[in-house]
Amino acid sequence: MSSMQPNIKISCKHVWQLFGKNPKRFLQKHDYEPSFAQINEAGLIGAVRDVSFDVYEREILMIMGLSGSGKSTMLRCITQLLNPTAGEIIFDDVDLTKMPKKELMEVRRHKMGMVFQHFGLLPQRTVLENIAFPLEIQGIDQETRIKKARELVDVVGLTGRESYFPRELSGGQQQRVGIARSLAVEPDVWFLDEPFSALDPLIRKEMQDEFLRLQQMLHKSIVFVTHDFDEAVRLGDRIAIMKDGALVQIGTAEELVMSPADEYVEKFVTNAPRAKLISVRSVMGARLKTKPSASVNADAMLEDIAQQVMLSSKAHGVVDASGELVGSINKEQLVKVLF
Ligand SMILES: Nc1ncnc2c1ncn2[C@@H]1O[C@H](COP(=O)(O)OP(=O)(O)O)[C@@H](O)[C@H]1O
Ligand SMILES: [Mg+2]
């Protein structure tokens with residue numbers, strides 16, 4: 001764990017999205033803090049309720065929650081496909097909710113890449129033309145955009161299929177086109193809304209691996225929506241959990257597993273692979289009075305040290321990255337947190 005403060009790419013502040021009649025007036029009348037019940041009584045839908053969080057540079061932030069919890073609406077508020085009922089979306093220090101339409105369009109065209117569950121490809125255009133399409137909108141000349149599209153075809157592993165039409169591709173291949181298209185403008189931030197949810201499990205796993213490989217190359221700031229906690233754990237640096245339009249908890253998978261905020265989060269984390277997610281540092285005890293004969297690293301995951309510690313009758317020392325003794329860990333502590 002680093003003590004360095006990450007740079008903030010996007011800051012969402014008290015974002016509300018209410019659907020129905022006169023939602024702005026309703027919010028004002030309730031001093032921007034109506035309860036869930038008050039919203040329902042007024043016949044409104046509280047799709048996003050007072051959500052605040054930051055997206056750091058180069059992180060993969062997952063938005064996770066059951067169907068209907070407001071994930072897509074929140075994503076649409078950030079990208080300004082929807083103008084939120086209230087709140088601020090600060091992107092590179094500018095509030096997008098107050099930006100003139102034309103400027104906003106430019107930000108969306110040049111700095112945001114979006115991938116959706118149902119691909120949204122243009123059926124009468126080839127793979128290459130679909131990928132080049134956002135560049136066409138930007139007014140970039142044909143030669144340049146085709147060159148860029150060809151590069152991206154290679155990046156997403158579709159070489160040889162440049163002149164296929166979407167209907168001639170499998171679901172996984174169509175989503176590769178969607179991914180390539182979203183990257184054509186070299187966006188600063190990459191938004192993905194359940195991009196792999198329509199794919200069958202094997203392909204899905206393959207696409208997740210691909211996605212992580214891409215991010216290792218690209219280092220984008222990413223907001224990724226999923227209803228699948230396993231996917232959130234596999235892909236995310238941090239996970240924001242939504243319920244009924246509200247943000248319930250945000251943190252690393254380890255933080256969620258170690259201290260779930262409520263029963264809703266607890267339900268998701270019960271089947272999480274704890275040994276893979278929890279580090280020695282979060283379970284270690286105080287330093288021993290006597291010098292330990294063996295030690296493990298504070299930042300190691302429990303799965304990496306479990307065998308060593310379980311097979312020993314004595315407590316192990318815990319050392320940090322600089323080699324300093326910072327704590328101890330024994331069998332009992334491990335068993336307690338793992339089982
Ligand atoms: N345009 C809309 N008009 C009215 N209600 C909407 C609209 N869009 C979404 N909702 C409602 O807002 C809630 C959150 O929806 P959504 O953001 O799509 O959830 P999720 O993506 O988590 O499944 C749901 O109750 C949904 O029915
Ligand atoms: Mg959705």
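**Close-up 1. The shell around ligand 1, by residue class.** In this predicted model, the shell around ligand 1 divides into four nonpolar residues, six polar residues and one charged residue, where Ala, Val, Leu, Ile, Met, Phe, Trp, Tyr, Cys and Pro count as nonpolar, Asp, Glu, Lys and Arg as charged, and the others, Gly among them, as polar. The residues around the ligand (those with a heavy atom within 4 Å of it) are Phe 19, Ile 45, Ala 47, Leu 66, Ser 67, Gly 68, Ser 69, Gly 70, Lys 71, Ser 72 and Thr 73. Residues are numbered from 1 along each chain as its sequence is written, while chains are lettered from A and ligands numbered from 1 in the order in which they are written. Local features need pLDDT of at least 70 and side-chain atom pairs count only at pLDDT 80 or more, whereas totals for chains, interfaces and linings use all residues, and side-chain values use heavy atoms, with hydrogens and water left out.

**Close-up 2. Polar contacts of ligand 1.** A polar contact is a pair of N or O atoms within 3.5 Å; within protein, one must be able to donate a hydrogen and the other to accept it, and residues adjacent in sequence count only if both atoms are side-chain atoms. An oxygen atom of ligand 1 lies 2.5 Å from a side-chain N or O atom of Thr 73, an oxygen atom of the ligand is 2.8 Å from a polar side-chain atom of Lys 71, and a backbone N or O atom of Gly 70 is 3.0 Å from a ligand oxygen atom. Of the 560 Å² of accessible area that ligand 1 has on its own, the protein covers 60% (Shrake-Rupley method with a 1.4 Å probe; for residues, only the protein chains shown count as cover). Two or more shell residues come from each of β2 (45-56) and α3 (71-79), and α3 gives the largest share, three residues; here helices (H or I, at least four residues) and strands (E, at least two) are DSSP runs, numbered from the N terminus.

**Close-up 3. The second largest pocket.** On a 1 Å grid over the protein atoms alone, a pocket is an open set of points with protein on both sides within 12 Å along at least five of seven lines, a cavity is a set where a 1.4 Å probe fits but cannot get out, and lining residues have an atom within 4 Å of a point. The second largest pocket holds about 510 Å³ of space, a volume being the space filled by probe spheres set on points joined across faces, edges and corners. Its lining has 18 residues, with Arg 108, Met 112, Met 114, Pro 134 and Ile 137 nearest the centre, and it divides into 11 nonpolar, four polar and three charged.

**Close-up 4. The largest cavity.** One cavity of 30 Å³ or more is found in the whole structure, and the largest cavity has a volume of about 40 Å³. Val 156, Arg 176, Ile 179, Met 207, Glu 210, Phe 211 and Leu 214 line the largest cavity, and α8 supplies the largest share, four residues.

**Close-up 5. Strand pairing.** Two strands pair if DSSP finds at least two bridges between them. Four strands form an open antiparallel sheet in the order β2-β1-β4-β5, and Ile 90 stands opposite Asp 95 in β5. Elsewhere, five bridges join the antiparallel strands β9 (residues 238-243) and β10 (residues 246-251), and in their hairpin, with two residues between the strands, Asp 244 takes a positive phi near 45°.
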